[in-house]
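This briefing describes the architecture and selected side-chain interactions of one protein model. The sequence and the structure are shown first, followed by the points grouped by topic.

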Amino acid sequence: MTVQITITASCTINAATLDFGSNPGTTLVAANIDASSTVSVTCTSGSPYSIGMDNGANASGTQRRMKTGTNFLNYNLYVDAGRTNAWTTAASSTTCTTANSCALGTGNGSAQSVSIYGRVPSIGTAPPTGAYSDTVLMTITY
């Protein structure tokens, strides 16, 4: 009797909301608003992976923007807590080659946390009130 199984590489990703909270509009006149979140990535043990993100549903060129009604508010995503390395849209092993522009990892069969750091940069005038949001598509390549 022959018994066999073929295990193929696979990955799943579960994202949480990156919430900048509730802030007075005047706060943005003087200071950045920072927040962070994590995504959970589970990949077959030994499978290398990369995670990229698009610029969101409300982007203007490469600038990510949240929207409420007809108003927009810029924000940026970073791979590091110092917010010096912007998260690019790279998502394949040939375009995502350094951890300073996307998330690179190797699966271990268990859930792994990947941090995402966000910033709403300070602006010259207080933005209109409202609940601003955006949807960013994450792509995992393995």
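A network of salt bridges links Asp34, Arg83 and Arg119. The model is a predicted one, and the count of salt bridges in it comes to 2.

**Salt-bridge network**

- Arg119 forms a salt bridge with Asp34, and the closest N and O atoms are 2.7 Å apart. Because Arg119 lies in strand S7 and Asp34 in strand S2, this pair ties together parts that are 85 residues apart in sequence.
- Arg83 also forms a salt bridge with Asp34, with 3.6 Å between the closest N and O atoms. Arg83 belongs to the loop between strand S5 (71–78) and S6, whereas Asp34 is in strand S2, so the pair connects parts that are 49 residues apart in sequence.
- Arg83 has a relative accessible area of 12% and is therefore buried, the limit for that class being under 20%.
- Asp34 has a relative accessibility of 36% and so counts as partly exposed.

**Five-stranded sheet**

- An open sheet is formed by 5 strands in the order S1-S2-S7-S5-S4, and the pairing is antiparallel.
- Strand S1 (11–15) and S4 stand at the edges of the sheet; each has a single partner strand, so one side of each is left without a neighbour in the sheet.
- On average, neighbouring strands of this sheet are turned by 35° against each other, direction ignored.
- Strand S2 (residues 33–43) pairs with strand S7 (residues 111–120) in the antiparallel sense, over 10 bridges.
- Ser37 has Ile116 in S7 standing opposite.
- In general terms, strands of a sheet pair through backbone hydrogen bonds, either parallel or antiparallel.

**Strands S3 and S6**

- Strands S3 and S6 pair in the antiparallel sense over 4 bridges.
- Pro48 has Thr106 in S6 as its bridge partner.
- Strand S6 (residues 103–106) presents two faces: Ala103 and Gly105 form the covered face, while Leu104 and Thr106 form the uncovered one.

**Ser47 in the loop between S2 and S3**

- Ser47 is located in the loop that lies between S2 and S3.
- With a relative accessible area of 9%, Ser47 is buried.
- Leaving aside residues up to four places away in sequence, Ser47 touches Ala9, Gly105, Thr106 and Gly107. Among these contacts, Gly105 is on the covered face of strand S6 and Thr106 on the uncovered face.

**Asn58 in the loop between S3 and S4**

- Asn58 is found in the loop between strand S3 (48–53) and strand S4 (64–68).
- At 15% relative accessibility, Asn58 counts as buried, since this class covers values under 20%.
- The side chain of Asn58 makes a polar contact with the side chain of Asp134, at 2.9 Å.
- Residues up to four places away in sequence not counted, Asn58 touches Arg65, Met66, Lys67, Phe72, Ser133 and Asp134.

Technical notes
Residues are numbered from 1 along each chain as its sequence is written. This is a predicted model: local features need pLDDT of at least 70, side-chain atom pairs count only at pLDDT 80 or more; totals for chains, interfaces and linings use all residues. Side-chain values use heavy atoms; hydrogens and water are left out. Buried means under 20% relative accessible area, exposed over 50%, partly exposed in between (1.4 Å probe, protein chains only). A polar contact is a pair of N or O atoms within 3.5 Å; within protein, one must be able to donate a hydrogen and the other to accept it, and residues adjacent in sequence count only if both atoms are side-chain atoms. Contact means heavy atoms within 4.5 Å. Two strands pair if DSSP finds at least two bridges between them. Axes are lines fitted to C-alpha atoms, for helices over the stretch in contact, and angles run from 0 to 180 degrees between N-to-C directions. A salt bridge is a side-chain nitrogen of Lys or Arg within 4 Å of a carboxyl oxygen of Asp or Glu.
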